[in-house]
Amino acid sequence: MTAKSTAPESAIAYAPATVANVAAGFDIMGFAVRAPGDEVTARLAGPPGVRIASIDGDGGALPREAQKNTAGVAALGLLSHVGSPAGVEIELRKRMPLGSGLGSSAASAAAAAVAVNELLGRPLNREALLPFCMEAERTACGAAHADNAAPALLGGFVLIRSCHPLDIVRIPVPEELACAVVHPHIEIRTEDARMILRNKITMKEAITQWGNTAGLIAGLTTGDYDLIGRSLNDVVIEPVRAILIPGFHRVKEAAAGAGALGCSISGSGPSIFALARGVESARKAGGAMSDVYREMGVECDLYVSEINRDGTVLE
Ligand code: HSE
């Protein structure tokens, strides 16, 4: 716990987008990027509980009731956990697309949890805020997965070894590792992208997947970029979800052709990420990936950055 004596009247937090799954690590791995991200202002106001005062940038798509909104659910969970009688108003500025595979719901929850924790005089440390963000994820897609929420809160590359009990491991990231994320303007609801997954996989697929998951962690830990690249291979989820993403295989080939270490679906898609050695190399891969969408006449955004080691920051 980090005790702080004086609490502010209001607090502003920014939480970044995240790439979950990272190829072979469905629901157990994720990392943070620099942008886009969501911003939350929380202030002490009104009767006990949480109210969403405003949401900007969602085109009216998100629920305004605190119990149904991921920022509201995270804030309510925190207030209830610490037994606070405070009244809290939240302004949410969505600066990333919904249903993009960039961890939009987790970013709102993480920003709200950090801002409200600050308002309360910071009764909990960062990791202790994660369960409230996971509950928020359950509200958004029916599953309390942590592979977006943990890196959004903590930054860097995070392994969720177990959800029950929660066991979060921060994985070191080699200095030059960088990422390109291309977001084609198509919306895929995480709930739908989870529903189409198979319930059973073969032993052969499981063995390949374990090898790649462990290989990625080993590559990150030892700074072995080739091993990272060889391990960015998902034989379980990607083949199923790729059918939801027009041009996916062409984009993947373009990333490889431009020198990326590897490429796969970001979270539940439709965004596609590539990892590269160095920001320049990531920029080149990202350029080649977005060219595919340009040729297909599909609008897309490109985000290139190093791995964001900061996670949610107070402004
Ligand atoms: N692990 C989750 C999924 C992430 O792939 O469904 C959602 O962004």
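A search of the whole structure, a predicted model, finds two aromatic pairs (ring centres of Phe, Tyr or Trp, the last by its six-membered ring, within 6.5 Å; planes under 30 degrees apart are stacked, over 60 edge-to-face, the rest tilted). Local features need pLDDT of at least 70 and side-chain atom pairs pLDDT 80 or more, while totals for chains, interfaces and linings use all residues. Residues are numbered from 1 along each chain as its sequence is written, and side-chain values use heavy atoms, without hydrogens and water.

| Pair | Centre to centre | Angle between planes | Class |
|---|---|---|---|
| Phe-31 and Phe-157 | 6.1 Å | 15° | stacked |
| Phe-31 and Phe-273 | 6.1 Å | 75° | edge-to-face |

Phe-31 lies in strand β2 (residues 29–44) and Phe-157 in strand β5 (residues 157–163), 126 residues apart. Phe-273, in strand β9 (residues 272–277), is 242 residues from Phe-31. Strands are DSSP runs of E with at least two residues, helices runs of H or I with at least four, numbered from the N terminus. Phe-31, Phe-157 and Phe-273 form one aromatic cluster. Phe-31 is buried at 1% relative accessible area, and Phe-157 is buried at 2% (buried is under 20%, exposed over 50%, partly exposed in between, with a 1.4 Å probe and protein chains only). Phe-273 is buried as well.

Helix α1 (residues 70–82) packs on helix α3 (residues 130–141) at about 140°, with the axes 8 Å apart. Axes are lines fitted to C-alpha atoms over the stretch in contact, and angles run from 0 to 180 degrees between N-to-C directions. Residues in contact (heavy atoms within 4.5 Å) include Gly-77 and Leu-78 in α1 and Phe-132 and Ala-136 in α3.
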